[in-house]
Number of protein chains: 2
Amino acid sequence: MKVNLQEACEFLKSNDDFLILMHANPDGDTLGCGFALCGALQRMGKRAKAVCAEEIPHKFDYLFAAAETQEFEPKTIVCVDVADTKLLGDMRELGNSAELCLDHHETNTGYAKRVLVEPDYAAACELIYKVINELGVPFDKELANCIYTGAATDTGCFKFSNTTPQTHLIAAEMMRFGADFAMINYVNFDLKTQGRIRLEQEVLKNIKYFEGGRVALVTVTRALLDSIVDIDSDDIGALANIPRQIEGVDVGICVKEKKPGVFKASMRTSALVNAAEICQKLGGGGHARAAGCSFEGVTVDEAVDKTVEAACEAVRKALGR
Amino acid sequence: MKVNLQEACEFLKSNDDFLILMHANPDGDTLGCGFALCGALQRMGKRAKAVCAEEIPHKFDYLFAAAETQEFEPKTIVCVDVADTKLLGDMRELGNSAELCLDHHETNTGYAKRVLVEPDYAAACELIYKVINELGVPFDKELANCIYTGAATDTGCFKFSNTTPQTHLIAAEMMRFGADFAMINYVNFDLKTQGRIRLEQEVLKNIKYFEGGRVALVTVTRALLDSIVDIDSDDIGALANIPRQIEGVDVGICVKEKKPGVFKASMRTSALVNAAEICQKLGGGGHARAAGCSFEGVTVDEAVDKTVEAACEAVRKALGR
């Protein structure tokens, strides 16, 4: 059942003993939502805990200050920034009992009893900001750090096209409440491990261009990943954005060996061609500017050739060649 | 003479035939200021042109739409985002006749007849935004693109500690007036030339660590720069930020060979040590977190050794070793 902001908040006010589920492979938005909502409910005198099926990266340690650790038997399950129960990892079963889901993904499957989705919001934290205001909980530095983190991380620090004036207005307000924005942005956008630096260097060394520089490719093999200590999934994920950042490149491709014979191709495109359409032809999918597809039982050269050829064909077609 | 916002705007209203000077080595803030103010004055029916002693990088081509090209004999010189006439390059003499200076640098030398400096503003464009409002000129997409550009580029896309709530509020308003923020952020923050990619790869390859990883160094020789086509001063300048982005690094150093035997060291530090203090000992200066110094008549190894030793000494002292 779809609910509006007031109805969602009435539900939160009239219940207690909350278990807040954040999605697996946790990012700044789901964590910001979870800890901010948890902290706000606790400040109302309720019991609440925010949990995630996977380990929370240490760079987010500062978020924990927004809520205290409480031991109790949960009664009310709320999901934040979770479009589908399958994104809950090992906690998927709990998601099937969700009483409320607060999210911003248009693709939300509506699995919860009460669903509030705001697809025009760049970050789910923007919705949690409104929930906290509606609940009447005053903001403080710790809650502000959570909301700012979601707003900044889901927009590439206000850089991407999903950013709205509302995102900036909320960021400004969180800064007024003391959000430690310079620290948050440093750990989320600038800080790199020595391993990440080595990985980027190795990947940049082998960048390949096609179609007169309009298509650029990087390849990441297991052998390369295994040769570098001190890298995590964030480091590897970020590689997908590198080729498209190069001047003149309309299609940036990153082909990554997930395990022997299994490859994932990530594609980023300019407005010239549609990444989702190209990847759909290869059995994948995604968004217009960012999409992906997978290959099994092939060599790295076969995975690369198929992806590059599909991209080059789309570019030639778009240029009328 | 210091003037306030109203006095500065009275001066602009009661004069005409403006020559607006932007600083040499032009960045997004001085250019955004120049074209926005020029366009606003033209929209008031006045004649105005914005000029810079050096070529404007092509990535800023979109700013030109804010103002039209007018031919006339200038009478009234206004400097924007120019702290010192020596920053005007070959137009330095013109700066000595400046009737008005609109700036945000605390270090402004007060060279103009009327000076309005707002050192707490992250970008000079924030001041120009207020000037345009005070002049009563309605914003449109083209003016909004200029103001947004200054606000975004002077704050690393709202990332750095100089960002204020006001910066975000102005960005939000410029987005409402149609600023093409995703394009602006793409060309200013993501887009890299193939040369830049190669340069980064070469530099990352030779990164060196000292003091258990707390000091990191990259070195850029003329031989390296000469071996790569398609790089500009922006590309080279950006290298100074790389070492300090590495986890655990308190001092990031970039030593660059400006010409044979002449070296420039750029230093970025964490809160552990003061970059300006270290560089002052080496005859340079700057800010607490970003500073620099120069060496002449030395070898690259000598320049590197002096800088690294000063940095390591400061780190050891800070740690009480």
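Strand β4 (residues 100-103) of chain B pairs with β5(B) in the parallel sense, over four bridges. Within this pair, L100(B) stands opposite R114(B) in β5(B). The model is predicted.

These strands belong to an open sheet of five strands in chain B, with the order β2-β1-β3-β4-β5. The pairing is parallel. β2 (48-52) and β5 (114-117) of chain B stand at the edges, and each has a single partner strand, so one side of each is left without a neighbour in the sheet. On average, neighbouring strands of this sheet are turned by 20° against each other, direction ignored. Helix α2 of chain B packs on the sheet. Its contacts are with β1 (18-22), β2, β3 (76-80) and β4 of chain B. Helix α4 of chain B lies across β3, β4 and β5 of chain B.

Chain A holds an open sheet of six strands. The order is β6-β7-β8-β9-β11-β10, and the pairing is mixed. At the edges stand β6 (208-210) and β10 (285-286) of chain A; each has a single partner strand, so one side of each is left without a neighbour in the sheet. Strands β7 (residues 215-220) and β8 (residues 251-259) of chain A run parallel, joined by six bridges. Here L217(A) stands opposite I253(A) in β8(A). Helix α12 of chain A lies across β6, β7, β8, β9 (262-269) and β11 (290-296) of chain A.

| α2(B), residues 28-43 | about 170° with β1(B) |

Terms used. Residues are numbered from 1 along each chain as its sequence is written. Chains are lettered from A and ligands numbered from 1 in the order in which they are written. This is a predicted model: local features need pLDDT of at least 70, side-chain atom pairs count only at pLDDT 80 or more; totals for chains, interfaces and linings use all residues. Side-chain values use heavy atoms; hydrogens and water are left out. Two strands pair if DSSP finds at least two bridges between them. Helices (H or I, at least four residues) and strands (E, at least two) are DSSP runs, numbered from the N terminus. Axes are lines fitted to C-alpha atoms, for helices over the stretch in contact, and angles run from 0 to 180 degrees between N-to-C directions. Contact means heavy atoms within 4.5 Å.
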